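User: Hi! I've got a new model open and would like to walk through it with you. Could you start with the terms you'll be using?

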Amino acid sequence: QATMRSWPPYPHLKVFLIGQVFIILSVWFVFTTFAGTSGSPEASGASGVAGASGVSGVPPVHIEAPLPPPRDGFLQVDHPLGPLFVLHPPLPESLRGHTWEALTPENVEDRSFLILLGSLINVSAYPKRILYDLGLHQYESSLRWMLDNYPAHFDEVYGFECDKTIFEDKKDPRIPEGGAHFFIGKYVGTTDDEKFIDFSRLLRETCRKEDFCVIKMDIEGAEWSLLPAMEEQGVHSLVDELFVELHFQDPHMTRFGWGESGPHSVE
């Protein structure tokens, strides 16, 4: 009758193998610990905060939660300030799950995919919160939506609408007294005259680096000239969050007014 020998056959070999496993686990633990911290903002000296970090008198605003994973139809883009989730150019047959034939003025304006910065950082740490609504249109469709959905209370609101017949000031009680500044019948532009207001100048005069400034821009194609002008004037760095409806030529969107305000293509 055969008997099975214990493994390993030599006791000192068993001790040697156990020691080797212990050494490997120790090296793995040290490597993962130091490799995980060396690239962090705290270890490298880089700022691990969002907003106006490094500005005198402004407390750092720490991100309270990681950005949610990109949803279907979004691409993650690396950026010095952190990952950005960008809506991928729509496929020819659909837009956000809707076929082109099924698009309506309601679902084409769907904003449920927006990731609001105010939900990721402590906006109350800023001395002042300012909203710039460029293209007020109707109160319900723009300003009210921002006041209803943005997770912060704005101390001041600057609003622009070139059509005097569309916007009606509802005296929203959520805007502090004296905090509403509406320019009705005026266009935002790059110069000051009877028709236009130089938005870069206005932004420089009303928004400080330590403030939290949000811009919603829907100006029917004028964004193509206004955004480069803001960068040239150096005021783009004052903006903490920017929402832009970018207008371009597209045969599917002409029935919604796109393509009437400029020659730009999606490319």
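Predicted model: local features only at pLDDT ≥ 70, side-chain atom pairs only at ≥ 80, totals over all residues.

User: Thanks. Where is Asp172 found?

Analyst: Asp172 is found in the loop between strand 6, residues 156–161, and strand 7, residues 180–184.

User: Is Asp172 buried or exposed?

Analyst: Asp172 is buried: its relative accessible area is 8%, and the cut-off for buried is under 20%.

User: And what is Asp172 in contact with, leaving aside its neighbours within four places in sequence?

Analyst: With those set aside, Asp172 is in contact with Tyr139 and Leu147.

User: What about Asp169, where is its place?

Analyst: Asp169 is also in the loop between strand 6 and strand 7. Asp169 has 32% relative accessibility, so it counts as partly exposed.

User: Which backbone nitrogen lies 2.9 Å from a polar atom of the Asp169 side chain?

Analyst: That is the backbone nitrogen of Lys171.

User: Switching topic: which residues are buried in helix 5?

Analyst: In helix 5, which covers residues 223–232, the buried ones are Glu223, Leu226, Ala229 and Met230. They cover an arc of only 135° around the axis, so they sit on the same side of helix 5.

User: Why would residues three or four places apart point the same way?

Analyst: An α-helix has 3.6 residues a turn, so residues with that spacing point the same way.

User: Nice. What is exposed on the other side of helix 5?

Analyst: Glu231 and Glu232 are exposed there.

User: And what covers the buried residues of helix 5?

Analyst: The cover includes strand 5 (129–134), strand 8 (187–189), helix 4 (199–206), strand 10 (212–217) and strand 11 (241–244).

User: Let's zoom out. How many helices and strands are there in the protein?

Analyst: There are five helices and 11 strands. The protein has 267 residues, and 31% of them count as buried.

User: What does the accessible surface come to?

Analyst: The accessible surface comes to about 17100 Å², with 58% of it belonging to carbon and sulfur atoms. As for contacts between residues at least 6 apart in sequence, 61% join residues at least 24 apart.

Technical notes:
Residues numbered from 1 in each chain as written. Heavy atoms only, no water. Helix = DSSP H or I, 4+ residues; strand = E, 2+ residues; numbered from the N terminus. Buried < 20%, exposed > 50% of the residue type's maximum accessible area, 1.4 Å probe, protein only. Contact = heavy atoms within 4.5 Å. Areas by Shrake-Rupley, 256 points an atom, 1.4 Å probe, with all protein chains shown as cover. Polar contact = N/O pair within 3.5 Å; in protein donor to acceptor, adjacent residues only side chain to side chain. Arc of directions from axis to C-beta.
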